[in-house]
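Here is a short briefing on a nonpolar surface patch and a chain-to-chain interface. Have a look at the structure first.

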Amino acid sequence: MATHTEADGVTRRDFLYVAGGAFAAVGAAAAAWPLIDQMNPSADVLALSSTEVDLSNIEVGQSITVMWRGKPVFIRHRTEEEIAEAAAVNVASLPDPQTDAERAVRPEWLIMVGVCTHLGCVPLGQRGDYNGWFCPCHGSHYDTSGRIRKGPAPLNLAIPTYEFLNDTTVKIG
Amino acid sequence: MKKLIKTIGVALAFSAFASFGAQASEGGALKQVDWSFNGAFGQFDKAQLRRGFQVYREVCSACHSVRLIAFRNLADIGFSEDEIKAIAAEYEVQDGPNDDGDMFMRPGRPSDRIPGPFANEKQARAANNGAYPPDLSLMAKARFGGPDYIHSLLTGYEDAPEGFELGEGMNYNPVFAGAQIAMVAPISDDMLEYADGTPATADQISRDVSAFLMWTAEPSLEARKSLGFRVMLFLVIFTVLFYFINKKVWKPVKRGEQV
Amino acid sequence: MASSTYEPKNRFIKAVNQQLPILSLIHGAVGAGYRAPKNLNYWWNFGSLAGVCLVVQIITGIVLAMHYTPHTSLAFASVEHIMRDVNYGWLLRYIHANGASMFFIVVYVHIFRGLFFGSYRNPREVLWFLGVIIYLLMMATGFMGYVLPWGQMSFWGATVITNLFSAIPVVGDSIVAWLWGGFSVDNPTLNRFFSLHYLLPFVIVGVVILHIWALHIPGSNNPLGIDVKGPQDQVPFHPYYTAKDAFGIGVFLLLFAFFVFYAPNYLGHPDNYTEANPMVTPPHIVPEWYYLPFYAILRAIPDKLGGVIAMFSAILILFAMPWLDGSPARSARFRPIYRMLLWVFVADTFLLGYVGAHAPDYIVHIGGVEIPCLILGQAATAFYFLFFLVIVPVVSRWETPLPLPKSINEAVLKKSAAKA
């Protein structure tokens, strides 16, 4: 091919080749998108994003774990001591500074996603150095507000969006 | 001779391909409706689909389910989120088990599938004289002719001709395979009042619900056609481009040069 | 066969290629290193198109398997979940479903190309055998794939086809029970069909590699059916046939996209949108269109075992083509009588397809005469075997071919001179 010369042919041929190659590349890229996007959450999964929980049977000092979006959510009816302990912490000293008020809409109810922010294990309740949660996988300690205090986890336990429909029912998601 | 054989071959090829379509007319000729969603650019008429949903709710849903449709899907045909929540809440959906281990009923949510009239096939048959009212979600794709078939069936009831032996509890409808159908003619003029004020003739009602069932069967129709147009456009340009590239590449060979 | 070797200019690429000569391999297989006859026409596009189809089917298939559930109570619903909820699920499924049809269209043309131009003749017998094996694997794969959506046609198609094996004397029933993993087509059947439907395409890939390998030993046949005499008869595969194949792929994808976007269910059967029900058989059970000719042959023979044998023979007889054909010329271009009969044979397969799509008692009107499909199918079946067992051996040995051109180069030059 390289030996073929034609006064005006070279530029047109080059343009054609570049256009053809570019077109094929764009087409391949566009065709790849559906193959990638199909792995994203499907419409039915996205629709199943809220769950309602009845809180009336949870005594002070008790916790329950409910399933939300395939993950455990801890709902803890905190004791007065726990609330006081969580509020007394110097926020500035925390690895992930957050006040307890930012984490609990109603102080007696702590609602958070029970997935350790380190590598996704489920922490154990009322354990560890801070009387909160302790992740057995790599030893992360969370306090009574679910904030990371010690260990490899970088962030506090996540708070899902939730609202109280009434005093005894909360809607998560 | 060669040409004749080739012609016969092509004709046979087409008739073999078309023979699926030929079976469509076996149950009697269908009315060919000029649907808004026909053709390469045809899209759904959303107002018609909403009327069709009203027909389904007020008429068909007494016996038939649309089990593949969730309330949230109604957003596709123009219902707002609040309207969908309100519609869903009108239905009772089974949930559970609760903390006592019992199943319980609660108001529907947008993520729920639209509950059908019967819990299972046995219950449906028991309530319908042994006949099973089929689920309608895919009906527009599960019969030759699709929405034309549904419309023709709904408006195809006649008196049985002289000498036709009709089974007990059966109705004569030449569109239906075997011409005997357990379903009583479901649609009549002014049997309902459309929310949008469209005159509710039997023909209109039948068209609207047929269009609605086309949507339940093929909700991706609009996305498919609009993506299809872009893909075809791309492929036409791609093909023309490579036609010229190919011509250019072969030019020296066609001229007799050795490569 | 490779007349030029691959010499990368970039030092890094050169070093990698030295340790793993994959670029040399590609260069020799589909690059400038593979020299192909310069007179290949558009019939020769269908090999690369078949490759495109296989890749499309494997990619969309792997992706669909991420959402599909091979269980009798969930399979149908999971397919509808793909169609409704999965992002672009409808597109992927329609591509996969229509892709099967496209694959068969392409492969049928490819097989016809081989028959017409004598590509099965010495020295390409092994290449042809591998092709027939690919075709058999495709039929098995396509059949099992059609069962997976678990619609009425899936279920009853699976029931009918697996029951073919019950025609085998003595062990037939045991074989069928073994295929089913039970006493009817049920969950074990669906599960193993899914497993095999996932596996077989990769077996096909393996045989395709052998097929291409076997192609590169003698090199491509050509429309004249005469041997390549030297480099003047050839052009490098790249860019000549890569450009031509790219154009062909564009035309093919237009047809493919037309079906996917504008007639996605045209080649399917409506009954498969009704969930499988082991209690109710649909009034007409028809296989997918690409099996229809063989289905017609099966039904043409009034004996159960005879029908099954005839059906399998109709495919396996392709293996015998290298021996059946004894003509001094490969290409049908120089064999006018044989060529005409070959076209009649093609028409016959279409007729068989037509018969296969209709019930045996369906009446066909031909010039005012009423012929039941069964009779038509029996006549067409008789011609099918007559063609292979009598016409090909006799006509090929009896017919004197037209004078063959001296060389490919000469024929090409003559043609371009005539055009100029």
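C:Val30 sits in helix α2 of chain C; helices are DSSP runs (H or I, at least four residues), numbered from the N terminus. This is a predicted model: local features need pLDDT of at least 70, side-chain atom pairs count only at pLDDT 80 or more, and totals for chains, interfaces and linings use all residues. Residues are numbered from 1 along each chain as its sequence is written, chains are lettered from A and ligands numbered from 1 in the order in which they are written, and side-chain values use heavy atoms, leaving out hydrogens and water.

**Nonpolar patch on chain C**
- C:Val30 counts as partly exposed because its relative accessibility is 41% (buried is under 20%, exposed over 50%, partly exposed in between; 1.4 Å probe, protein chains only).
- C:Val30 belongs to a nonpolar surface patch that also includes C:Phe12, C:Leu20 and C:Ile26.
- Together the patch residues have about 810 Å² of accessible area.
- α1 (11-19) and α2 (22-30) of chain C each supply at least two patch residues.
- The largest share, 5 residues, comes from α2(C).

**Interface of chains A and C**
- The contact (heavy atoms within 4.5 Å) takes 12 residues from chain A and 13 residues from chain C.
- Chain A and chain C bury about 1000 Å² between them, 64% of it on carbon and sulfur atoms; buried area is the accessible area (1.4 Å probe) lost on being put together, summed over both parts.
- On the side of chain A that touches chain C, α1 (9-37) and α2 (43-47) of chain A give two or more residues each.
- α1(A) gives the most there, with 4 residues.

Conventions. Patches are made of residues with over 30% relative accessible area and no salt bridge: like charges are joined within 9 Å, nonpolar side chains (Val, Leu, Ile, Met, Phe, Trp, Tyr) within 5 Å. Accessible areas come from the Shrake-Rupley method with a 1.4 Å probe; for residues, only the protein chains shown count as cover. A salt bridge is a side-chain nitrogen of Lys or Arg within 4 Å of a carboxyl oxygen of Asp or Glu. Buried area is the accessible area (1.4 Å probe) that two parts lose on being put together, summed over both.
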